[in-house]
Amino acid sequence: MGLSGDSPYLFCKNMPIYIKIAVNIDSYAKEGMKMNKVGSYGAYQSNYYENTVQNKKESEKAGNEKTEKAKKKKPVQLSDRAKNLLKELQKTYGNMDFFVADYETDEEAAEYLSRGTKEYSVLIDPETLEEMAADEETKNKYIGMLEDATNKLNGIKEKLGSKSDEVVRLGVSLNEDGTVSYFAELEKLSEKRQEQLDKAKENKKEEKIEQERTKKAKLKADSIDELIEKIKNLNWNTIREEERAYSGSKFDCSI
């Protein structure tokens, strides 16, 4: 018995047959390549997931830093004329909360507007308010913009239908470039908590609220139609749920 040259066959002298013992090296090489590809793809998936999570964390961190920045800003210094104009606006539009602040981003603007407790919140930067106080024509221009914007907001809940229940705050910012931006803050209770409140309403009872889970979203748009569209298309599944605690407060469902 012996090998016949470089042939991948074993030759047996007593048996006129060839037994193939060659190993298909190419097939093993291909399998190895496949394994390498699978391993590389797995590493790619792992890196992609890690990078995505990291980017999301960095984005959330940046958003939180901007919000904290808005909270920590010092009160603006206004001239007497600007202060008097602000008082005039507050008296004329009793259903609006006015905020005068420097802001750089939409997140900062939304943070200021979220502090309102009245029907609408209005944000004006100090420079614009000073210009309004110094010039009657500029003042009338921005007041006209404000009235037009709030008139448009008046009918927004009718256009939103059932989604209007999620809107907790509406506001506008009068921008220094002569434009208006629209803001909405939305909140959605957990399904379990909503069921409890609905049941309490049916029974007209006071429901004690100690702790609940909720989702919040702040939207900004350059027009009322865009704002309505964003509210309607908001996907709550992409919003992280957060815990909100109350100290012995109650929700009166008897009204």
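A contact here means heavy atoms within 4.5 Å. Among contacts in the protein chain between residues at least 6 apart in sequence, 67% join residues at least 24 apart. The model is predicted, so local features need pLDDT of at least 70 and side-chain atom pairs count only at pLDDT 80 or more, while totals for chains, interfaces and linings use all residues. Residues are numbered from 1 along each chain as its sequence is written, and side-chain values use heavy atoms, with hydrogens and water left out.

The secondary structure of the protein chain comes to eight helices and nine strands; these are DSSP runs numbered from the N terminus, with helices being H or I of at least four residues and strands being E of at least two. The chain has 255 residues, of which 33% count as buried. Buried means under 20% relative accessible area, exposed means over 50%, and partly exposed lies in between, using a 1.4 Å probe and protein chains only. The chain exposes about 17,300 Å², and carbon and sulfur atoms supply 48% of that area. Accessible areas come from the Shrake-Rupley method with a 1.4 Å probe, and for residues only the protein chains shown count as cover.

In soluble globular proteins, nonpolar side chains tend to be buried together. A nonpolar core is a set of buried Ala, Val, Leu, Ile, Met, Phe, Trp, Tyr and Cys residues joined through side-chain atoms within 4.5 Å. The largest such core in this model has 39 residues, and those with the most contacts inside it are F98, L129, L153, I156, L227 and I231. Helix α5 (residues 136-154) gives the largest share of this core, six residues. Apart from this core lies another, of eight residues, with A110, Y112, L123 and F183 among them. Leaving out residues up to four places away in sequence, F98 touches L86, L89, Q90, Y93, V122, I124 and L146.

Two packed helices are described by the angle between their axes and the distance between the axes. Axes are lines fitted to C-alpha atoms, for helices over the stretch in contact, and angles run from 0 to 180 degrees between N-to-C directions. Angles under 35 degrees count as roughly parallel, over 145 as roughly antiparallel, 65 to 115 as roughly perpendicular and the rest as oblique. Helix α4 (residues 126-134) packs against α5 at an angle of about 125°, with the axes 5 Å apart. α4 is therefore oblique to α5. On the α4 side, T128, E131, M132 and A134 take part, and they meet E136, T138, K139, Y142 and I143 in α5.

Helix α4 also packs against α2, at an angle of about 90° and with the axes 8 Å apart. This angle makes α2 roughly perpendicular to α4. R81, A82, L85, L86 and L89 of α2 make the contact with L129, E130, M132, A133 and A134 of α4. Helix α2 (residues 80-92) also contains T92, which is exposed because its relative accessible area is 51%. The side chain of T92 reaches the backbone oxygen of E88 at 2.8 Å.

Back in α5, T150 is buried, with a relative accessible area of 6%. Not counting residues up to four places away in sequence, T150 touches M96 and Y120. T150 and M96 are 54 residues apart along the chain, and their C-alpha atoms are separated by 9.5 Å.

The remaining residues lie in strands and a loop. S114 is in the loop between α3 (106-113) and β5 (120-124). A relative accessible area of 17% makes S114 buried. A polar atom of the S114 side chain lies 2.7 Å from the backbone oxygen of E111. Beyond four places in sequence, S114 touches R169, E185 and K218.

E185 belongs to strand β7 (residues 180-189) and counts as buried at 11% relative accessibility. The side chains of E185 and R169 are joined by a polar contact of 2.8 Å. A polar contact is a pair of N or O atoms within 3.5 Å; within protein, one must be able to donate a hydrogen and the other to accept it, and residues adjacent in sequence count only if both atoms are side-chain atoms.

Strand β6 (residues 167-174) holds S173, which counts as buried at 1% relative accessibility. The side chain of S173 makes a polar contact of 3.0 Å with the side chain of N175.
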